[in-house]
Amino acid sequence: MDAYENYSKEDLIRRINELETNLAHCLENNLQAESVDNYLADQRKINFLNILMDTILSNVFVAICVKDIFDGFKYIYFNQAAENFTGIEASEVIGKTDFELFADPRRAHEIRTEDYSTIKNGRTKKSMIEYEKPNGDIRIVNCVRLLITNPDPGASPLLLVMLWDVTEQRQNELDLMKAQETDKMKNAFIANMSHEIRTPLNAIVGFSRLITETDNDSEQQEYLTIIENNSDLLLQLINDILDFAKIESGTLNYSVSWIDLKDICHEVYVSQSLRMTSDIALLFNGDMLPSIRLQTDVQRIEQVLLNLLSNAIKCTNQGFVSLSYELEGDFVKVSVTDTGIGIAKDKQEAVFERFVKLDEFRQGTGLGLSICKMIIEKLGGQIGVISELGKGSTFWFTLPLSCPLAFPSEKRDDILSDNIPDVLPGQYTILIAEDVLENYLLLQAVLKQQYRLVYAENGRQAVQMFKDYKPDLVLMDIKMPIMDGFAATCEIRKLSSEIPVLALSAFTFDEEKEKARCCKFNEYLVKPVDIPLLKYKIKYYLNKNKKK
């Protein structure tokens with residue numbers, strides 16, 4: 001206190017106030033410095049997180065984009081994966097709407113509709129869908145859309161869209177499924193054939209030995225009858241397998257000529273009458289039926305009739321089996337009716353499929369009806385069944401009076417040409433070469449809204465129509481009459497090396513695919529064709545060809 005003895009009371013009070021003020025200033029300065037340090041540390045963390053997030057979003061394989069809803073759905077974010085997927089840089093997208101990016105306004109409207117749906121539901125998720133990019137390419141993608149609401153009142157909500165391309169994955173899955181199905185059918189076929197062949201073979205070998213061990217004439221005759229019946233069954237099994245293999249490879253021969261259907265039915269009726277029992281009557285009122293001349297393959301029609309009658313007889317224990325036919329316009333309809341066990345309604349569609357046996361305890365390959373179906377369709381007709389369980393069945397097939405195998409006439413070409421619509425501005429033309437009408441009608445239903453379709457029933461016709469209509473793409477069946485798809489494509493390749501040619505085939509053999517590669521097909525698609533994949537392949541090759 002000695003230092004302050006000369007100070008008055010007022011001076012001391014003033015001095016104390018100055019010290020307090022200085023102390024307050026120091027404390028304030030220290031707090032501000034600490035606050036600045038904290039602020040800078042927080043800012044560094046935010047900057048680092050922004051860099052981290054930007055690095056992550058730029059390197060993920062998911063295409064991510066964000067739209068500002070209140071600003072007309074303009075893009076405000078577009079990551080590297082989105083650039084790679086669309087082929088457009090972010091600088092060309094940011095600040096624009098879909099209507100400015102897509103040349104086709106219909107596509108922009110589709111996307112805007114999806115945007116509104118997401119706003120309404122908050123989230124939409126779609127898997128394995130077709131996505132058309134701004135350049136027209138079609139890809140198979142998974143898509144997730146999210147509505148992000150901003151907590152700041154009055155701020156615009158955002159729309160987040162994420163896409164990831166699964167086209168190759170989808171193709172690999174389809175290839176694996178087809179391979180597994182092929183392997184499954186092969187194993188089932190081998191197991192089935194092993195059982196079916198060993199059964200009659202066992203009887204033939206066994207009773208052949210017994211014949212040598214007995215001197216009784218009646219026993220020997222009984223054994224010979226058993227051996228003969230099982231030999232016939234074994235021969236039928238082998239014939240079915242060989243015919244099926246020939247049909248699958250397209251090497252089954254057809255010999256078309258003029259025949260009288262009445263004579264063919266009578267011959268089959270006589271041969272099958274020997275197999276009838278006293279409880280079953282085989283009926284054929286030939287005297288009441290007209291003679292009908294038609295062009296077809298005698299041997300194949302006899303094969304179908306024998307198969308249908310044999311099945312009817314095996315499945316009928318009492319009553320009758322009848323054979324008849326009638327004219328229906330330019331076709332004749334042949335029917336085999338029985339009073340046998342019948343077929344359940346839910347199994348009727350499967351009877352013409354390969355290796356299908358409705359009764360596993362009856363001998364047979366499960367190929368007979370499948371072979372009949374393929375033969376009849378090859379001859380230009382159709383086959384079907386009407387049945388009621390426990391009351392019998394009617395198997396029927398139709399045949400044209402003039403077989404398409406015999407007459408690939410110029411008249412038919414003219415008729416087809418007259419039905420081809422004029423091409424619209426900017427519309428692509430697709431040539432479809434397919435000998436089975438139902439297969440063409442399926443493709444027509446899928447593609448007719450977008451493309452002009454030109455239809456050829458065989459390879460030779462396809463080459464001529466290629467010259468006449470100069471299509472932008474060709475869908476080529478492999479196994480066709482007159483000229484197959486391989487030969488037709490080789491002829492087309494002489495005229496154009498650029499035209500995309502896509503093979504549509506029911507065969508999955510490697511040698512078929514290798515032959516297609518040698519014939520310079522662009523793609524080899526296996527029936528039944530995956531429709532989204534087919535549409536994608538068509539758009540891919542049309543757009544690819546347009547860029548050249």
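Trainee: Which strands does helix α12 lie across, and how is its angle to β14 defined?

Mentor: Helix α12 (residues 459-469) lies across β13, β14 and β15, running at about 145° to β14. That angle is taken between N-to-C directions, on a scale from 0 to 180 degrees, using lines fitted to C-alpha atoms, for helices over the stretch in contact (heavy atoms within 4.5 Å). Helix α11 (residues 437-447) lies across β13, β14, β15 and β16, at about 175° to β14. The model is predicted: local features need pLDDT of at least 70 and side-chain atom pairs 80 or more, while totals for chains, interfaces and linings use all residues. Residues are numbered from 1 along each chain, and side-chain values use heavy atoms, without hydrogens or water.

Trainee: What makes β13 and β14 a pair?

Mentor: Pairing takes at least two DSSP bridges; five join β13 (residues 429-433) to β14, and the two run parallel, so they pair. A433 has A456 in β14 as its bridge partner.

Trainee: Why are β14 and β17 called edge strands?

Mentor: The open sheet has the order β14-β13-β15-β16-β17. β14 (452-456) and β17 (523-526) each pair on one side only.

Trainee: What makes the pairing of the D260 and S291 side chains a polar contact?

Mentor: Their distance is 3.4 Å, and the cut-off for a donor and acceptor pair of N or O atoms is 3.5 Å. The backbone nitrogen of K262 also lies 2.9 Å from a polar atom of the D260 side chain.

How values were computed:
Helices (H or I, at least four residues) and strands (E, at least two) are DSSP runs, numbered from the N terminus.
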